[in-house]
Amino acid sequence: IAFCTPKPEKQDAVDEFQYTMSRLMSMLVSYSLRDISNLDRSHFCPLDLDGLDPSCIEYVEASSVKLNIVLQWIQRLVMEGARSGVLDAAPPILSRVFQEFSI
């Protein structure tokens, strides 16, 4: 989110990127906490899933590898943001993002 372009003509795309990234990170944290906690799953719900495709949400909820799927979605979002100019960061910076998210 810190590396989004400040160009006014890209503001709508930047907003969409930031909202989607926030939702995906919420899913990632929620699923991570579900995996390590002894509490009921209902204690760890993502904050807001509006704007995400309902069929994608159903797919990940039915999967046994939720974290891997969400991580893949985050990586794809970063790549799409880089290609579209929404992310304004040099390639070495973006490669660090992928290193941080590697499993």
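Q: Buried means under 20% relative accessible area, exposed over 50%, and partly exposed in between (1.4 Å probe, protein chains only). So is Arg 34 buried or exposed?

A: Arg 34 is buried, because its relative accessibility is 16%. This is a predicted model: local features need pLDDT of at least 70, side-chain atom pairs count only at pLDDT 80 or more, and totals for chains, interfaces and linings use all residues. Residues are numbered from 1 along each chain as its sequence is written, and side-chain values use heavy atoms, leaving out hydrogens and water.

Q: What do the side chains of Arg 34 and Glu 61 do?

A: They form a salt bridge, with 3.6 Å from N to O. The term covers a side-chain nitrogen of Lys or Arg within 4 Å of a carboxyl oxygen of Asp or Glu.

Q: Where do Arg 34 and Glu 61 lie?

A: Arg 34 is in helix H1 and Glu 61 is in helix H2, so the pair ties together parts that are 27 residues apart in sequence. Helices here are DSSP runs (H or I, at least four residues), numbered from the N terminus.

Q: And Glu 61, buried or partly exposed?

A: Glu 61 counts as partly exposed, because its relative accessibility is 30%.

Q: How many salt bridges does the structure hold?

A: The structure has 3 salt bridges. Another one joins the side chains of Asp 48 and Arg 23, at 3.3 Å from N to O. Asp 48 sits in the loop between H1 and H2, while Arg 23 belongs to helix H1, so this pair ties together parts that are 25 residues apart in sequence.

Q: Which is Arg 23, buried or exposed?

A: Arg 23 is buried, with 16% relative accessibility. Asp 48 is partly exposed, at 31%.

Q: What about Arg 96 and Glu 100, where do they lie?

A: Both are in helix H4 (residues 91–101), 4 residues apart, which is about one turn of the helix. Arg 96 is partly exposed, with a relative accessible area of 47%, and Glu 100 is exposed, at 52%.

Q: Change of topic. Is Ser 30 buried or exposed?

A: Ser 30 is buried, at 4% relative accessibility, and its place is in helix H1.

Q: What is Ser 30 in contact with, leaving aside neighbours within four places in sequence?

A: Ser 30 is then in contact (heavy atoms within 4.5 Å) with Phe 44, Cys 45 and Pro 46.

Q: And where is Leu 33?

A: Leu 33 is also in helix H1, which spans residues 11–36. Leu 33 is partly exposed, with a relative accessible area of 33%.

Note on methods
Helices (H or I, at least four residues) and strands (E, at least two) are DSSP runs, numbered from the N terminus.
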